[in-house]
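Please read the following note alongside the sequence and the structure.

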Amino acid sequence: MSATRATGRTGRRTVRARAAARGTARAQTTARTAEALPTAMKAAAIERFGPPSVLTLHELPVPSVGPTEVLIAVHTAGVGYWDARIRDGSWAEGPVRFPLVLGTDGAGFVVAKGARVRRLRIRDRVWAYAYMNPKGGFYAEYVAVGERGAARVPAGLDLLQAGASAVTGLTALQGIDDVLGVRRGETVLVFGASGAVGTLALQFARRRKARVIGTASGANAAALVRRLGADEVVDARTDEDVERLRSLAPEGLDAVLALAGGERLERCLSLVRAGGRVAWPNGVEPEPRRRRGVVMRAYDGAAGPREFARLGRAVAEARLRVPITNVFPLVEAAEAHARIEEGHVLGRVALRIRSRR
Ligand SMILES: NC(=O)c1ccc[n+]([C@@H]2O[C@H](COP(=O)([O-])OP(=O)(O)OC[C@H]3O[C@@H](n4cnc5c(N)ncnc54)[C@H](OP(=O)(O)O)[C@@H]3O)[C@@H](O)[C@H]2O)c1
């Protein structure tokens, strides 16, 4: 996704060949820096595809900063379902350069910037998103990303929350506002409302004054989804609750954001009214089946200055809460992946890399 690539199907293509072109901090002849930077850093990386145990701590060069890039001292990195698919190789194509530092998003401080960087300053607190970043991922003490893939953290989020919500926030907001165009009074189903994208999407839909129905399985997930503002919660993993959904939306669903695929989703989609809309981020598998009379669109969360500015406003409007189910230190990145593989994650899993706020 450079700054704007998919965390999903279309993103898989980019796994090829674009991994890890790394230099050292010493190469930054044109960059401005906050302080003398180390030349080496700790990073959680893989030497080959495989189970969570292949993700281990490495000592690697601090990435160099290109003219349009910033170097971020990472405070928190988000951990996502797609990271696990990159780690096990199922979303990878073509040759990948190892060691491969995982992690698509996070938050921290700008400690160096390229000569052509204008928007961001040294010491800014930033959040960032870069899929298969050529300079390496966010499971590291430092990451170099294009300026367009980073923005100042909005008031209302600390670095832990921001690091756990950059890609999921962009994806949730763009699904609700841009792809579905949710409007006041509409009945919207967030399918997978207790997960990383869903917990944010339901809050963005509420902010549009829609009536939000969220799916969640189990008492804890249902309680979370209700606490975050869902008007109704159904357990999409039970037949009875899918029937209950019919009674909750007797005139049909206006819009559905699908964050998981399969037969349960298909049953819910049969309740979408004629002319209704269904959206899902690429990566949802199996992909929802096309339906006559329903507008159906797959999309990718995109990063850029405009996208982050809009997300910052939406965070304030929604008074966004970012549920984080587990926080692991960098050295336990493999455990974080094992947690993702267990499933039933309520909100996001994160890696805490630095303690400074
Ligand atoms: N293309 C992009 O830009 C982009 C960006 C972000 C995410 N994504 C994709 O979006 C999807 C969601 O991401 P996420 O991070 O929110 O995932 P997540 O945290 O794992 O959440 C998935 C949600 O779906 C539910 N779910 C899973 N399987 C289900 C099933 N068979 N029936 C009913 N509910 C089910 C889960 O509930 P349970 O607790 O019951 O399992 C959970 O609430 C992933 O496929 C990811 O790859 C794509």
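1. The protein is divided into domain 1 (40–165 + 322–352) and domain 2 (168–299); these bounds come from an automatic or database domain assignment. Residues are numbered from 1 along each chain as its sequence is written. The model is predicted: local features need pLDDT of at least 70, side-chain atom pairs count only at pLDDT 80 or more, and totals for chains, interfaces and linings use all residues.

2. The C-alpha centres of domain 1 and domain 2 lie 28 Å apart. Ten residues of domain 1 are in contact with twelve of domain 2, contact meaning C-beta atoms, placed from the backbone, within 7 Å. On the domain 1 side there are five nonpolar, four polar and one charged residues. Here Ala, Val, Leu, Ile, Met, Phe, Trp, Tyr, Cys and Pro count as nonpolar, Asp, Glu, Lys and Arg as charged, and the others, Gly among them, as polar.

3. The largest nonpolar core has 123 residues, and Ile72, Tyr139 and Val256 touch the most other members. Both domain 1 and domain 2 supply at least three residues each to this core. Such a core is a set of buried Ala, Val, Leu, Ile, Met, Phe, Trp, Tyr and Cys residues joined through C-beta atoms within 7 Å; buried means that 20 or more other C-beta atoms lie within 10 Å of the residue's own, with C-beta atoms placed from the backbone.

4. The ligand is surrounded by 33 residues, the closest being Gly192, Gly195, Ala260, Pro281 and Gly283; a residue counts if its C-beta atom, placed from the backbone, lies within 6 Å of the molecule. This shell comprises 13 nonpolar, 17 polar and three charged residues. Domain 1 and domain 2 each contribute at least three residues to the shell.

Technical notes. Buried ≥ 20, exposed ≤ 12 C-beta atoms within 10 Å, placed from the backbone. Contact = placed C-beta atoms within 7 Å.
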